[in-house]
Amino acid sequence: MSDLIGVLNIDKPKGLTSHDVVARVRKIAGLRRVGHAGTLDPLARGVLVVCLGKATRLIEYLMDTHKSYVATVEFGTVTDTWDAEGEVIERQEIEDLSLARIEEALERFRGRIEQVPPMYSAVKHKGEPLYRLARKGIEVEREARSVEIHHLEVREWNPPDLLIEVECSKGTYIRSLAYDLGRSVGSGAYLADLTRMAVGPFCLERAVPLCQLTEKRWRDHLLPVYKAFKHVPGVIVDQETQEHIGYGQAVTLPSAPEEEIVFAYDDERRIVAVLRSDADDPLWRPRKVLRTN
């Protein structure tokens, strides 16, 4: 089991934290090295990508990918957590709120925007997660972060609920988007429901429900690295090149891609290493070595 490496595309149910899912996979697979690529709140369901074994060293190449959501924003109500898990702290009438007004406001949230993370988040302030401070009734100033909203469209308007599609960069808080949108139209709003539809190449349609992962059948859903990381360029390297990589030496690649990062595989499509090349440098240097023999 120590050499096992792979990725699971899991449909996380509501009510569980991402850590709960990782703990369950650890128990089912009998592995200690298990990690997820991007936290999904207990309120939400949907795609949670879980890496096993040495694949945990590759999580960063999933974290940088775009994420897609379907979200329900409820107008006229604000909660202290900015989602359905919190306590209601404000209510307003929304009789005059029209879809046209919402559509106009949505335009301000497309493209690159500045977003303040919620107090109930894992972002740290002086080494302590914000949610711990929030639970003590402490609110601190948070720096706005630059994120990008690639796609933001209305699916349905059924007052007070707005169903939207969102495709965004890493680090985007859909709760913050809901809160800011409510403030923008003057009525307040919170995130009532959230489904993550995709993380990079991983989509909900191909995700396995957590309840279907059993000690006997979980391997049936395990994706090898070369399938899980199709969005990262890959090259096959011969035995001699593998040995040089294993010693941490830079190597040349006969058919190198133009990207800075490439995954090196052996002839059985098992990952050997992550290689990196700087501009105008013909040599590829090992950034992470996953196999040394």
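Contact means heavy atoms within 4.5 Å, while helices (H or I, at least four residues) and strands (E, at least two) are DSSP runs numbered from the N terminus. The model is predicted, so that local features need pLDDT of at least 70 and side-chain atom pairs count only at pLDDT 80 or more, whereas totals for chains, interfaces and linings use all residues. Residues are numbered from 1 along each chain as its sequence is written, and side-chain values use heavy atoms, with hydrogens and water left out.

β15 and β16 pair in the parallel sense over 3 bridges, and Gly234 stands opposite Phe263 in β16.

Now centre the view on Phe263, which at 0% relative accessibility counts as buried (under 20% relative accessible area; exposed is over 50%, partly exposed in between, with a 1.4 Å probe and protein chains only). The structure holds 5 aromatic pairs, defined by rings of Phe, Tyr and Trp (its six-membered ring) with centres within 6.5 Å, planes under 30 degrees apart counting as stacked, over 60 as edge-to-face and the rest as tilted. Tyr61 and Phe263 form an edge-to-face pair, 5.5 Å centre to centre with 80° between the planes, and this pair links helix α2 (residues 60-63) to strand β16 (residues 261-265) across 202 residues. Tyr61 is buried as well, with a relative accessible area of 11%. The rings of Phe229 and Phe263 have centres 5.5 Å apart and planes at 50°, so that pair is tilted. Tyr61, Phe229, Phe263 and Tyr265 form one aromatic cluster.

Finally, move to helix α3 (residues 99-106), in which Ile102, Ala105 and Leu106 are buried. Seen down the axis of α3, its buried residues fall within an arc of 100°, so they line one face of the helix, the arc being that of the directions from the helix axis to the C-beta atoms. The face turned away from the buried side of α3 carries the exposed residues Ala100 and Glu104.

Terms used: Two strands pair if DSSP finds at least two bridges between them.
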